[in-house]
Amino acid sequence: MMMDTYFAKMKETLEIIETTQRENILKAAQVIADSLVQGGMWQVLDTGHMLMHEGVGRTGGMMALRPILVTCEVNNPTRQRAIPGKETMYYTQVPGFAAFVLNRANLKAGDVLIVGSVSGYEVFPVDVALTAKSMGVTTIAFTSVAYSSTLNSRHPSGKKLYEVCDIVLDNCAKAGDTLVPCPELGIEVCPSSGIGASYLMWALQASVMEALLERGKTPSVYLSNHAPGASEHNRVAKERYETLGY
């Protein structure tokens with residue numbers, strides 16, 4: 001059954017993550033903990049489908065991880081018509097847009113920024129990483145090295161995300177990102193990168209919490225609103241986060 005193939009292949013991917021990414025997860029955790037205790041901020045900007053929602057504001061997650069949310073819309077409610085030679089451009093393809101975004105964000109030297117992009121070859125995520133580094137911010141890529149390696153960079157530097165960040169956390173998705181062959185459709189189905197990124201994120205958060213506790217610092221962590229005492233716990237934790245930054 002296709003379901004069983006998916007289960008088996010996803011488990012294989014998670015095992016690869018465990019065996020190949022451990023060192024970089026621990027390295028990233030130490031860098032983040034160092035930044036937080038020194039007054040830095042830990043932020044995430046993901047152009048993919050997972051980290052901005054799964055990693056932020058969840059029960060058991062750290063209040064210190066904050067998103068940089070980018071909304072770019074052009075509303076032009078006209079009748080439809082064909083425009084010869086016109087190609088639609090997305091914000092991920094606009095040179096210089098990253099500098100505008102990071103200028104608007106609360107980001108400065110000593111901070112840590114996760115930059116998420118599975119493919120890692122578009123202009124925007126590469127530009128975000130390079131711009132952040134020029135500001136003195138440590139960058140952590142969440143990407144697929146195998147997938148990205150098969151693509152031609154659209155950034156003027158010719159670089160992909162995994163080539164420009166200080167630390168790389170690989171979700172270990174293969175080229176194309178899918179796991180299950182479906183001959184009837186002529187393609188493979190069921191991507192792995194979302195669950196892989198989530199797996200990395202929670203392993204990283206656990207490691208950051210541990211690194212802070214080893215320093216004698218108490219990380220501020222969300223408790224589910226459905227749990228007994230959640231309101232008081234979260235109130236105290238939020239006050240601690242606002243005061244200490246972690």
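In the predicted model, the axes of helix α1 (residues 2-37) and helix α7 (residues 193-214) come within 7 Å and cross at roughly 35°. Axes are lines fitted to C-alpha atoms, for helices over the stretch in contact, and angles run from 0 to 180 degrees between N-to-C directions. Helices (H or I, at least four residues) and strands (E, at least two) are DSSP runs, numbered from the N terminus. The crossing of α1 and α7 is right-handed, a term that applies if the near helix is turned clockwise from the far one by less than a right angle. By class, 20 nonpolar, four polar and two charged residues make up the contact of α1 with α7. Ala, Val, Leu, Ile, Met, Phe, Trp, Tyr, Cys and Pro count as nonpolar, Asp, Glu, Lys and Arg as charged, and the others, Gly among them, as polar.

Residues are numbered from 1 along each chain as its sequence is written. Local features of this predicted model need pLDDT of at least 70, side-chain atom pairs count only at pLDDT 80 or more, totals for chains, interfaces and linings use all residues, and side-chain values use heavy atoms, with hydrogens and water left out.

Ser207 is found in helix α7 and is buried, with a relative accessible area of 12%. Buried means under 20% relative accessible area, exposed over 50%, and partly exposed in between (1.4 Å probe, protein chains only). Not counting residues up to four places away in sequence, Ser207 touches Ile25, Leu26 and Ala29, where contact means heavy atoms within 4.5 Å.

Five strands form an open sheet with parallel pairing, in the order β2-β1-β3-β4-β5; two strands pair if DSSP finds at least two bridges between them. Strands β2 (65-67) and β5 (167-170) are the edge strands, each pairing on one side only. On average, neighbouring strands of this sheet are turned by 25° against each other, direction ignored. Within the sheet, β3 (residues 112-116) and β4 (residues 138-143) pair in the parallel sense over five bridges, and the bridge partner of Val112 in β4 is Thr138. Helix α4 (residues 123-134) lies across β1 (42-46), β3 and β4, and runs at about 170° to β3.

Strands β6 (residues 178-182) and β7 (residues 187-191) pair in the antiparallel sense over four bridges. Cys182 stands opposite Ile187 in β7. The hairpin of β6 and β7 has four residues between the strands, and Gly186 takes a positive phi near 80° there.

A salt bridge is a side-chain nitrogen of Lys or Arg within 4 Å of a carboxyl oxygen of Asp or Glu; by this rule the count comes to seven. Asp34 forms a salt bridge with Arg215, with the closest N and O atoms 2.4 Å apart. Asp34 lies in helix α1 and Arg215 in the loop between α7 and α8 (230-244), so this pair ties together parts that are 181 residues apart in sequence. Asp34 is partly exposed at 31% relative accessibility, and Arg215 is partly exposed at 30%.

In the salt bridge of Glu188 with Lys174, the closest N and O atoms are 2.7 Å apart. Because Glu188 lies in strand β7 and Lys174 in the loop between β5 and β6, the pair ties together parts that are 14 residues apart in sequence. Arg58 forms a salt bridge with Glu54 at 2.6 Å between the closest N and O atoms; Arg58 is partly exposed at 35% relative accessibility, whereas Glu54 is buried at 19%. Glu232, Arg235 and Glu239 are linked in a network of salt bridges.
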